[in-house]
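Here is a report on how one chain folds. Have the sequence and the model open while you read.

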Amino acid sequence: HTILLLQRSSAKESRTYDDFETVEEALESIIRMYEARLKTLCPAALHVNYSLDDLNRFIDQHKECCMLVLDPDTNTYTSHDLAWIKSSIHSHLRKLLQMSKGSS
């Protein structure tokens with residue numbers, strides 16, 4: 001179980017949280033948020049390309065971004081910061097790329 005905590009601005013009303021069964025689902029949620037933002041900015045584009053740096057800048061725009069990940073052995077949550085999230089997204093995307101190359 002993973003809880004994603006986001007605060008988009010300094011306004012307390014911008015605080016949100018979502019929970020997911022896995023870390024990967026939470027990471028995918030962040031990626032989908034960014035892709036939705038790109039579609040809003042470029043509604044006529046059929047395809048939108050972006051780099052990992054672009055995605056990281058989107059994440060950095062949030063006032064707060066962290067994850068709480070359940071450790072099933074101790075039944076406690078471990079807090080992970082922005083650097084961990086960015087590194088995990090990078091690893092996740094790299095794994096997806098390797099999987100797509102393997103299935104081609």
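## Helices H1 and H2

The axes of H1 and H2 come within 10 Å and cross at roughly 95°. The two helices, H1 and H2, are therefore roughly perpendicular to each other (65 to 115 degrees counts as roughly perpendicular). Axes here are lines fitted to C-alpha atoms, for helices over the stretch in contact, with angles running from 0 to 180 degrees between N-to-C directions. Helices (H or I, at least four residues) and strands (E, at least two) are DSSP runs, numbered from the N terminus.

Which residues make the H1–H2 contact? From H1 come Ile30, Ile31, Met33, Tyr34 and Arg37; from H2 come Asp54, Leu55, Phe58 and Ile59. Contact means heavy atoms within 4.5 Å.

## Basis of the model

This is a predicted model: local features need pLDDT of at least 70, side-chain atom pairs count only at pLDDT 80 or more, and totals for chains, interfaces and linings use all residues. Residues are numbered from 1 along each chain as its sequence is written, and side-chain values use heavy atoms, with hydrogens and water left out.

## The sheet

Four strands form an open sheet in the order E2-E1-E3-E4, with antiparallel pairing. Strand E2 (15–20) and E4 stand at the edges with a single partner strand each, so one side of each has no neighbour in the sheet. From one strand to the next, the twist averages 20°. Two strands pair if DSSP finds at least two bridges between them.

Strand E1 (residues 2–7) and E3 are joined by six bridges in the antiparallel sense. Leu6 has Cys65 in E3 as its bridge partner. H1 lies across E1, E2 and E3, and runs at about 30° to E1.

## Helix H3

H3 covers residues 82–102, 21 residues in total. From first C-alpha to last it reaches 30 Å, close to the 30 Å expected at 1.5 Å a residue. The expected span is 1.5 Å times one less than the number of residues.

Ile85, Ser88, Ile89 and His92 of H3 are buried. Seen down the axis of H3, the buried residues fall within an arc of 105°, so they line one face of the helix. That arc is taken from the directions from the helix axis to the C-beta atoms. Buried means under 20% relative accessible area, exposed over 50%, and partly exposed in between (1.4 Å probe, protein chains only).

What do the buried residues of H3 pack against? They meet helix H1 (23–41), helix H2 (52–60), strand E3 (64–71) and strand E4 (76–80). The face of H3 turned away from its buried side carries exposed Ala83, Gln98, Lys101 and Gly102.

The axes of H1 and H3 come within 10 Å and cross at roughly 95°. H1 and H3 are therefore roughly perpendicular to each other. Among the H1 residues in this contact are Val23, Leu27 and Ile31. The H3 residues include Trp84, Leu93 and Leu96.

Ser29 sits in helix H1. At 10% relative accessibility, Ser29 counts as buried. Not counting residues up to four places away in sequence, Ser29 touches Leu4 and Phe20.

Gln7 lies in strand E1. Is Gln7 buried or exposed? At 11% relative accessibility, Gln7 counts as buried. Leaving aside neighbours within four places in sequence, Gln7 contacts Lys12, Ser14, Arg15, His62, Lys63 and Glu64.

Pro43 belongs to the loop between H1 and H2. Pro43 counts as exposed, at 68% relative accessibility. The C-alpha atoms of Pro43 and Glu28 are separated by 21 Å, with the two residues 15 apart along the chain.

Terms used
Angles under 35 degrees count as roughly parallel, over 145 as roughly antiparallel, 65 to 115 as roughly perpendicular and the rest as oblique.
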